[in-house]
Amino acid sequence: MKKDIRILVVDDFSTMRRIIKNLLRDLGFTNVEEADDGKTALPILKQGRIDFLITDWNMPGMTGIDLLKTVRADPELSHIPVLMVTAEAKREQIIAAAQAGVNGYVIKPFTAVVLKEKIEKIFERIT
Amino acid sequence: MKNKIATLEYEGLEDLLGQMARELVETIDKGNLSHAMELINDLQQARHQVFYNEVGHLTRGLHEAIKAFSSDLDEKILSDNGSSLTAMTDASERLGYVIELTEKTSHETMDRVDRSLTLVDRLDGQSERFKDLLLLVGQLEGEFKALDGVYDRTCAVKNESEKTIEELRSTLTDILVSQSVQDITGQLIRRVITLMTQVESQLVKLMDMAAKVERLTGIEMGEQSSESTEKDAIRAQGPQLKKKEAGAVSDQDDVDELLSSLGF
């Protein structure tokens with residue numbers, strides 16, 4: 001797994017962004033950018049420098065599921081792996097995310113081990 | 001009779017209906033049909049009136065309860081926190097303040113965790129330097145009989161301390177991750193804020209309606225709330241409370257199972 005990949009973390013709670021960022025740092029990923037909802041995430045994604053997207057679902061402005069759909073519908077962005085980290089835990093929601101093309105789904109609250117596992121699993125499948 | 005109906009409450013309804021029904025039967029027996037029709041009208045009006053009166057009472061009670069809750073909270077917050085919160089007269093704002101406060105303290109906790117992790121890194125560095133010194137002891141051990149066994153014993157201490165450092169690091173990470181509760185509670189509070197805003201606006205509508213029938217009910221309404229501002233509703237569902245009942249999965253294992261059944 002390349003450690004210098006650029007990761008975008010999207011969550012409206014700064015607490016959660018910081019937690020994920022710190023856990024990523026522990027895993028050796030230090031190239032992390034942040035956005036607080038889908039709307040602010042999109043311009044960053046469109047700059048074309050993001051290799052991996054971690055997003056929450058429930059956010060004002062633009063939700064994570066809409067962001068995921070937008071990413072998958074954009075030929076420039078559709079290749080980016082997306083990990084959903086969210087408190088949304090209804091079966092229909094998880095199925096909807098899977099159908100929209102999510103690469104992994106972690107429900108909050110999560111442990112460092114689970115987040116690490118899911119990220120590694122996504123990279124295994126990609127490479 | 002008319003007078004009785006105007007102030008009629010649910011408790012008195014049965015008695016009044018019985019009384020009116022008997023009067024109706026008597027009137028019909030006497031053949032006074034026009035008075036009988038009047039009585040039927042009164043009966044119908046009594047039913048509506050009870051409904052209006054009850055709504056009036058309910059609305060006023062709700063309004064009073066909310067006012068009392070507000071002033072009660074104001075006093076408590078004021079006594080705890082000085083006068084900085086005098087402007088927070090709105091319950092939704094108070095809840096917003098809770099989110100803000102927990103966010104701030106979460107970050108403060110994480111600042112300390114970060115600082116502690118830096119200290120752990122420093123311990124790690126010291127352990128490396130210790131290893132160099134230890135090698136020196138190992139070399140000297142052969143030359144000085146008194147040093148016999150010191151190398152091994154010191155090595156054991158060093159290994160133990162490295163394990164402790166590792167444990168410390170993972171505990172600090174746990175503290176970091178546990179701050180995610182701020183996100184979860186924040187989302188739940190936002191849902192309550194949305195609900196409260198909706199209830200408030202419905203309440204104002206209800207009071208408007210009640211005021212319109214005031215003429216009929218004769219109930220004095222309290223002052224109407226002017227706080228009818230509708231705030232943007234926050235969409236999505238938020239954290240699940242009654243997981244199994246709500247058709248939600250309960251933990252990460254369930255999510256994984258569901259995803260793998262979908263071919264993931």
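Helices (H or I, at least four residues) and strands (E, at least two) are here DSSP runs, numbered from the N terminus. On that basis chain B has 8 helices and 0 strands. Along the sequence, the pattern of chain B reads α-α-α-α-α-α-α-α. The model is a predicted one.

**Chain B**

Of the 264 residues in chain B, 12% are buried. Among the contacts in chain B with a separation of 6 or more, 67% are between residues 24 or more positions apart.

One helix pair of chain B can be described in detail. Helix α4 of chain B (residues 91-141) packs against helix α5 of chain B (residues 150-178) at an angle of about 170°, and their axes are 10 Å apart. Angles over 145 degrees count as roughly antiparallel, so α4(B) is roughly antiparallel to α5(B). The crossing in which α4(B) passes α5(B) is left-handed. The residues of this contact comprise 16 nonpolar, 5 polar and 6 charged.

**Contact between the chains**

On the side of chain B, 33 residues are in contact with 29 residues of chain A. Four helices of chain B, α4, α5, α6 (181-212) and α8 (252-261), each supply at least two residues of the side that touches chain A. The largest share, 6 residues, comes from α6(B).

The table sets out the residue classes for the two contacts.

**The largest nonpolar core**

Which residues have the most contacts inside the largest nonpolar core? They are Leu8(A), Ile20(A), Ile54(A), Met84(A) and Val106(A), in a core of 43 residues. Helix α1 of chain A (residues 14-26) gives the most to this core, with 5 residues.

Val106(A) also has a contact in the other chain. Apart from its neighbours within four places in sequence, Val106(A) is in contact with Leu83(A), Met84(A), Val85(A), Val114(A), Leu115(A) and Lys118(A), as well as with Gln252(B). Met84(A), one of these partners, is itself among the core residues with the most contacts.

**A cis peptide bond in chain A**

Lys108(A) and Pro109(A) are joined by a cis peptide bond, with omega about -5°. Pro109(A) lies in the loop between β5 (104-107) and α5 (112-126) of chain A.

Key: Residues are numbered from 1 along each chain as its sequence is written. Chains are lettered from A and ligands numbered from 1 in the order in which they are written. This is a predicted model: local features need pLDDT of at least 70, side-chain atom pairs count only at pLDDT 80 or more; totals for chains, interfaces and linings use all residues. Axes are lines fitted to C-alpha atoms, for helices over the stretch in contact, and angles run from 0 to 180 degrees between N-to-C directions. Angles under 35 degrees count as roughly parallel, over 145 as roughly antiparallel, 65 to 115 as roughly perpendicular and the rest as oblique. A crossing is left-handed if the near helix is turned anticlockwise from the far one by less than a right angle, and right-handed if clockwise. Ala, Val, Leu, Ile, Met, Phe, Trp, Tyr, Cys and Pro count as nonpolar, Asp, Glu, Lys and Arg as charged, and the others, Gly among them, as polar. Two residues are in contact if their C-beta atoms, placed from the backbone, lie within 7 Å. A nonpolar core is a set of buried Ala, Val, Leu, Ile, Met, Phe, Trp, Tyr and Cys residues joined through C-beta atoms within 7 Å. A residue is buried if 20 or more other C-beta atoms lie within 10 Å of its own, exposed if 12 or fewer, and partly exposed in between; C-beta atoms are placed from the backbone.
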